[in-house]
Amino acid sequence: MANKKINKKNIAKLLGDWSKEFELFIPSKDEGIAKFAKWDGKDTSFLDWHRNTIVPPKAIFFPPVEEMFSFQKDKQSYHIELPSSDGQKQLIFGIRPYDANALTILDKTFKDTYEDPYYLPKRKNTVLVGLGCTKPYDSCFCTSLGGSPTDSANVDLMLTDIGDEFLVEGVTDKGRELMSMSSELEEATEADETRAKETKEATYQKVTRQLDTKDIEEKLLSSFEIQDLWEEIAAKCISCGICTLLCPTCYCFDINDELIKDRGTRFRSWDSCSFPVYTKMPMENPRIEKWRRVRNKVCHKYEFYPMNFDVIACTGCGRCVRQCPVNWDITQTLEKMQAKVQSG
Amino acid sequence: MKDRETEQRLRREAKALLEQGKVDYIIGFETGSLKFTTTPLITKDKDSVDRLIINPFIVNNLSEYLTELKGRVGIVAKGCDNRSIVSLIQDNQVKREDVVILGVPCPGIIDLSKVEGLVGKDRDELDDVTRDGDKVVVTVDGEKKEFPASEVLFDNCLGCEFPTPQEYNILLDESSSLVADKTASRKGIETLEGMPQEQRWDFWEKEFSRCIRCYACRSICPACFCERCFVEESEPQWIAPVPRWQDNLIFQVIRNIHVAGRCTDCGECERACPVNIPLRSLTKEMYDLVDDLYHFKAGMDKEAAPLMTHYETTDPEDFIK
Amino acid sequence: MAIADISDRRRYLAQGNVYLPHIAIIEKIIDETPGVRTFHFNFKDEKLREEFTFDSGQFGEYSVLGIGEAPFCISSSPTRRDHLEFTAQRVGRLTNALHRLSVGAEIGFRGPYGNSFPLDFLEGKNLVFVGGGIALAPLRSLIWNVIDNRDKYKNIDIIYGARSPADLCFKYDLDAWDKDKSVSMATTVDKGDESWTGREGFVPQVLEQVAPSPDNAVAIVCGPPIMIRFTFPVLGKLGFTPEQIITTLEKRMKCGIGKCGRCNIGNLYVCRDGPVFTYAQIKNFISSEY
């Protein structure tokens with residue numbers, strides 16, 4: 001199917017058409033911060049501000065807290081119940097390429113060995129409509145991780161800003177089907193295609209932060225035992241969970257029960273390897289020291305994940321850099337590490 | 001310009017402290033990796049002290065790091081940070097003789113979120129932000145815009161009673177001329193006070209629904225020095241280790257009580273919060289309550305006993321019914 | 001609509017939600033030491049009771065519903081299948097709750113998870129078991145397994161120690177192995193009491209005294225991290241190569257299936273890639289992370 005376009009003024013109508021079929025999520029500031037939220041049927045204000053959300057869209061598939069099951073205790077017997085689900089189809093509008101890429105990375109863990117019964121069905125039920133970025137932050141470095149601000153690789157349908165309009169490209173069958181569901185889309189002209197190409201090239205150049213990922217796995221392996229280096233790198237980290245919880249590729253979780261009288265619930269909730277308690281056992285804690293936790297975080301993303309799944313668990317979204325209250329910067333960390341390994 | 005001179009002096013003093021072996025570490029600020037940001041510099045290396053800076057963006061309360069460093073530390077401290085250090089001394093977390101305080105009289109720190117709001121641009125799109133006396137000059141797209149400092153300083157800075165460190169080894173500049181404006185610094189709280197109770201409850205429900213339990217508020221707070229926080233206690237379990245708004249709210253309420261008499265209104269908890277929960281509305285209210293009820297201001301006297309560890313016969317007791 | 005596959009989550013979950021515990025009933029409780037109990041249990045569902053299989057070294061996630069969940073190895077042998085066993089020390093919220101349970105109580109179990117001891121590799125070899133304290137639990141599953149197939153294996157040496165005579169777990173097993181002529185057994189305590197007539201000394205020291213030959217041998221080690229750290233060098237001195245040393249590790253775990261993150265040693269997850277490892281597999285990371 002040929003590419004199409006949509007005038008920005010008609011975005012609400014397009015969303016309206018799709019919302020008949022899907023539960024729709026858009027970038028929103030309604031809840032006090034930029035995050036993906038359910039569409040209210042009219043809001044298109046993200047067109048004016050959308051650069052990046054604070055909370056990544058992974059939260060739709062892997063929420064900060066999620067009921068795993070509930071149970072009822074009857075004398076000594078337990079009856080377990082799964083949470084009900086209507087299997088509602090979802091559509092995420094305006095997902096950025098680095099966040100869509102992150103979902104592809106997360107899929108690997110949630111599919112590995114045992115299929116995760118909470119994340120995967122939601123993933124399967126959701127179509128992704130990407131919106132290319134035109135104004136990368138100074139914290140962004142997606143181009144260093146093989147991505148681009150306008151990459152369509154991990155979405156179903158891709159929109160690129162061409163001025164008053166978006167060029168609309170069907171990437172997958174699901175995406176092309178979306179195109180046929182609305183009459184708001186017009187045929188794209190050759191001039192539109194050219195403008196989209198120019199936007200893509202220009203935006204790529206706007207990503208100025210660079211990270212050298214060549215041989216990074218090997219370099220991290222050889223730096224693993226250099227305690228001084230990791231102590232220096234970790235010095236200013238305050239061991240909060242911002243960089244991990246808000247990372248689109250971090251997936252660690254905790255599992256906890258709650259019991260009120262005879263009715264209980266088991267939850268899973270976001271957890272972070274930055275917290276000392278994360279690895280705490282009754283008698284021992286293998287990562288009680290901060291530098292070990294920081295080392296694990298860095299190595300997990302750039303060494304261990306590639307060893308397990310052939311992909312770096314970072315998409316260069318820059319949230320960890322921008323949100324860190326002490327400006328601990330992963331790109332500087334890796335530069336420092338590489339300099340150290342090279343100098344011996 | 002004045003910052004430049006202070007900065008030069010700081011570097012000289014810091015270098016001398018390391019060279020003479022008077023301290024093992026220097027903690028100060030260096031240029032951050034994003035526009036306008038500064039970042040903590042924690043170093044043993046006398047050459048890296050040349051990276052130390054003083055500017056209107058040195059926001060972190062560096063006393064946070066004192067409890068984890070072993071040895072003697074030279075530390076850059078603004079007025080509020082200085083009080084946090086004194087408070088840590090009161091709590092026996094830090095020994096006075098182990099710290100060399102490099103005091104920086106503070107004219108107030110620029111809140112980039114406020115600048116963003118005023119000019120309608122994100123911080124990385126601004127060409128320059130400079131402080132010029134009572135004004136802050138913002139350059140956007142080559143065009144200069146002037147704002148009164150009171151419009152762009154952090155709320156807690158506006159209400160700062162002690163911008164100049166009182167307990168120092170070296171004071172790097174003359175006293176700050178910042179004048180406290182209590183009303184301006186209680187703006188958020190006054191809005192809340194004007195709400196009926198129901199509405200306040202709804203307000204906090206909405207705010208705490210966003211909390212993701214990253215614990216940045218706790219991690220960045222120098223007064224939160226417990227090795228094991230009540231949140232992680234499992235026997236008994238005080239609150240569910242799950243980010244639901246009710247538990248999130250209780251976490252903050254208890255944290256507030258724990259830092260009562262220790263909180264110096266440095267504002268770091270609210271600044272660190274990645275989901276913009278107005279935490280200072282709680283901590284500042286507690287700060288003022290402590291002052292009103294007990295005439296106690298945190299971190300003013302290193303010899304004084306910590307507020308919550310002692311009592312005086314004149315303490316108010318009419319809350320006991 | 002072909003646009004997205006409608007997958008009914010409830011149906012999907014019912015097919016095999018890996019996080020759902022099976023209900024099991026506690027049939028017997030044995031006090032091993034003042035803080036350690038062994039629980040015999042069986043599944044409530046009769047079909048599962050018959051169909052459930054596992055291998056020595058595997059573990060399960062055990063729930064006291066409403067309190068939480070924790071991993072313990074299955075400490076009984078798959079060769080003795082009229083019930084299952086696990087052993088727990090009272091150290092935290094979940095284990096406190098477990099210790100409050102009595103016979104007949106229901107617990108949740110999901111598993112078995114993880115890999116197991118490599119029986120094929122062990123066949124035809126001399127086996128040296130080195131265990132400390134409660135960590136005999138995973139070893140005893142294998143020891144009974146091996147004893148029940150005695151002709152498949154050569155010499156069996158067991159070196160087991162605890163802090164004091166009161167801290168020795170599975171005394172009934174120790175007695176049985178002591179009496180078994182086909183097994184050579186060395187039990188030790190760090191410090192004996194008045195009634196103790198056996199060996200004194202730390203496990204690594206006793207291992208050095210017993211000095212099993214590395215020829216055609218495999219050492220299977222399990223104990224607290226401190227014991228493991230001191231035992232590996234002794235085995236090295238005796239001539240065991242890293243490939244000849246097998247251990248089973250314990251880490252904080254939540255999911256048990258390689259997703260929640262915390263039990264990693266380097267790129268390996270103790271729950272997914274272990275808990276059984278050769279020393280060769282983990283020696284790069286174990287010095288600093290275990």
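Predicted model: local features only at pLDDT ≥ 70, side-chain atom pairs only at ≥ 80, totals over all residues.
How many C-beta neighbours does A211(C) have inside 10 Å, and does A211(C) count as buried, partly exposed or exposed?

Residues are numbered from 1 along each chain as its sequence is written, while chains are lettered from A and ligands numbered from 1 in the order in which they are written.

**Stop 1**

Start at A211(C). A211(C) has 13 C-beta neighbours inside 10 Å and counts as partly exposed. The scale, with C-beta atoms placed from the backbone, runs as follows: buried at 20 or more other C-beta atoms within 10 Å, exposed at 12 or fewer, partly exposed in between. Check the phi of A211(C): it is positive, about 45°, although the residue is not a glycine. A211(C) sits in the loop between helix 7 (203–210) and strand 11 (217–222) of chain C. Helices (H or I, at least four residues) and strands (E, at least two) are DSSP runs, numbered from the N terminus.

Next, select G111(C) and P112(C). The peptide bond between them is cis, with omega near 0°. P112(C) belongs to strand 6 (residues 106–113) of chain C.

Now go to G274(C) and P275(C). Their peptide bond is cis too, with omega near 10°. P275(C) lies in the loop between strand 14 (268–269) and strand 15 (276–278) of chain C.

**Stop 2: chain C as a whole**

Zoom out to chain C. Its secondary structure comes to nine helices and 15 strands. The radius of gyration is 20 Å, close to the 19 Å that the globule rule gives for 290 residues, so chain C is as compact as a globular protein of that length. The radius is taken over C-alpha atoms, and the rule is 2.2 Å times the number of residues to the power 0.38. Along the principal axes, the C-alpha atoms fill a box of roughly 70 × 40 × 35 Å. Colour by burial: buried residues make up 49% of the 290 residues. Of the contacts between residues at least 6 apart in sequence, 69% join residues at least 24 apart. A contact means C-beta atoms, placed from the backbone, within 7 Å.

**Stop 3: where chain A meets chain C**

Show chains A and C together. Here 47 residues of chain A are in contact with 44 residues of chain C. Elements of chain A that each supply at least two residues include strand 4 (65–74), helix 4 (97–111) and helix 11 (290–309). Which element of chain A gives the most to this side? Strand 11 of chain A does, with six residues. By class, the chain A side has 24 nonpolar, 12 polar and 11 charged residues. Ala, Val, Leu, Ile, Met, Phe, Trp, Tyr, Cys and Pro count as nonpolar, Asp, Glu, Lys and Arg as charged, and the others, Gly among them, as polar.

**Stop 4: the sheet in chain A**

Eight strands of chain A form an open sheet in the order 3-2-6-7-8-9-1-10, with mixed pairing. Two strands pair if DSSP finds at least two bridges between them. Strand 3 (35–38) and strand 10 (186–187) of chain A are at the edges, each with a single partner strand, so one side of each has no neighbour in the sheet. Strand 6 (residues 90–95) and strand 7 (residues 126–131) of chain A pair in the parallel sense over five bridges. Select L91(A): it stands opposite V127(A) in strand 7 of chain A. Helix 1 (residues 11–19) of chain A packs on the sheet, touching strand 1 (4–7), strand 2 (23–28) and strand 6 of chain A. Its direction makes about 145° with that of strand 2 of chain A. Such angles run from 0 to 180 degrees between N-to-C directions, with axes fitted to C-alpha atoms, for helices over the stretch in contact.

**Stop 5: chain B**

Switch to chain B. Its five-stranded open sheet has the order 2-1-3-4-8 and mixed pairing. Strand 2 (38–43) and strand 8 (170–171) of chain B are the edge strands. Six bridges join strand 1 (residues 25–31) to strand 2 of chain B, and the two run antiparallel. F29(B) stands opposite P40(B) in that strand 2.

Finish at N276(B). Its phi is positive, about 55°, though it is not a glycine. The loop between helix 11 (268–272) and helix 12 (280–294) of chain B holds N276(B).

Methods:
Contact = placed C-beta atoms within 7 Å.
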